[in-house]
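Subject: Structure handover

Hello,

The structure is below, followed by notes on what was found in it.

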Amino acid sequence: MESTRALRYYEHGVAGDVLVLEEVPLSRPAEGQVLLKVLATPVNPSDLGQVAGKYAILKPRPAVAGNEGLGEVMETGPGVDGLKSGDWVRLPAAAGTWRGHLVAAADGLLAVPRDLPLEQAAMAFVNPPTAWRMLFDFVDLEAGEWILQNAATSAVGRYVIQLARLNGWKTFNVVRSERGATAVREAGGDAVAVEGDDLTQAVAKHAGDRPPRLALNSVGGESAIALSRVMAYGGTLVTFGGMTGNPIRFPTRQLIFNDLRLRGFWVTRWLEEASARDVRAMYESLFDLIRRGDLSAPVAATYSLEDYKKALEHANQPGRGGKVLFVPDP
Ligand SMILES: NC(=O)c1ccc[n+]([C@@H]2O[C@H](COP(=O)([O-])OP(=O)(O)OC[C@H]3O[C@@H](n4cnc5c(N)ncnc54)[C@H](OP(=O)(O)O)[C@@H]3O)[C@@H](O)[C@H]2O)c1
């Protein structure tokens with residue numbers, strides 16, 4: 001195999017406009033390398049942000065889009081121990097994942113158990129650890145405590161709901177449509193409000209004298225401000241996304257009178273800074289939960305690379321209700 005198909009961009013812009021499907025060269029795996037077949041790779045908001053040139057890490061262009069996915073080892077180069085043909089691994093992000101195949105260094109590839117559901121495994125590397133770390137690393141939550149989050153229909157939002165239930169916490173979820181509210185209730189959310197509802201009343205009704213000490217914000221703007229207004233004294237608002245792109249103008253009074261703590265989280269940094277042992281231990285726990293069916297996110301649809309325009313249009317639809325994935329060779 002001397003080439004493979006890949007979705008590349010030469011300029012930053014809207015993914016549907018700037019991506020092109022091209023044949024790109026593929027070398028045989030050399031010393032310490034493996035040839036990987038891409039089994040499935042999701043379309044995440046950060047992938048679109050990166051193509052648009054609005055992300056902390058930008059790839060040298062022309063670049064292959066996509067950063068997360070599941071690969072199967074097709075061939076190993078000389079000197080590769082511990083991986084063999086047929087093994088599943090996390091795709092490395094640097095070379096781009098929206099492609100048919102890639103050659104990568106075997107060293108440091110995360111092995112993935114083959115008994116996981118394929119699509120769930122392909123989405124296991126970014127959003128589940130994000131939900132996990134935000135729930136465990138910021139506030140020492142006690143049994144029965146409420147966690148507040150917006151964009152609760154997102155993959156992260158659903159993992160937060162599932163992990164909270166497993167750990168005896170409750171979730172107060174904010175969504176942007178009635179349809180989203182129904183989906184989140186069905187997904188196990190304990191309480192749901194729609195953006196613009198009176199959150200003060202709704203949170204007081206459910207959480208009573210235990211207002212949330214942890215809130216997770218991936219929307220920004222007014223939505224984040226609304227979360228900040230209903231939090232406990234000394235509560236922590238963790239911002240990890242900005243789906244509206246709107247800045248957050250925090251009410252001064254929440255900082256002074258309520259000692260609100262504003263924090264940020266970026267899973268990429270956590271994965272870089274944590275020890276290999278901690279990273280492996282976390283993924284092993286997540287893989288166990290995925291295997292048992294305790295952790296999952298819905299898939300809205302899968303597309304071939306050829307249908308990328310349809311895939312990207314779908315990924316941009318409000319209320320899509322699940323992830324869009326590329327399955328290069330169904
Ligand atoms: N910092 C990190 O390390 C990190 C890691 C993973 C993810 N993230 C961020 O977390 C967020 C969620 O990621 P994901 O992959 O879970 O998302 P996703 O499954 O693709 O879902 C996108 C979510 O954003 C909501 N949304 C989109 N535009 C919105 C708007 N203008 N106002 C309010 N809500 C809006 C959608 O609501 P509807 O269902 O109503 O369409 C949906 O809930 C993204 O911002 C992503 O970049 C950050």
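Which atom of Val 156 lies 2.9 Å from an oxygen atom of the ligand? A backbone N or O atom of Val 156 does, which falls under polar contact (N or O atoms within 3.5 Å; within protein, one must be able to donate a hydrogen and the other to accept it, and residues adjacent in sequence count only if both atoms are side-chain atoms).

This is a predicted model, in which local features need pLDDT of at least 70 and side-chain atom pairs count only at pLDDT 80 or more, while totals for chains, interfaces and linings use all residues. Residues are numbered from 1 along each chain as its sequence is written, and side-chain values use heavy atoms, with hydrogens and water left out.

For Arg 176, a polar side-chain atom lies 2.8 Å from an oxygen atom of the ligand. The ligand alone exposes 920 Å², of which the protein buries 86% (Shrake-Rupley method, 1.4 Å probe).

Domains

An automatic or database assignment gives domain 1 (3-123 + 297-326) and domain 2 (127-268). Their C-alpha centres are 30 Å apart. Contact (heavy atoms within 4.5 Å) involves 14 residues of domain 1 and 10 residues of domain 2. The two domains bury about 810 Å² between them, 55% of it on carbon and sulfur atoms; this is accessible area (1.4 Å probe) lost on being put together, summed over both. Across the interface, 2 residue pairs are in polar contact, both at pLDDT 80 or more.

Regards
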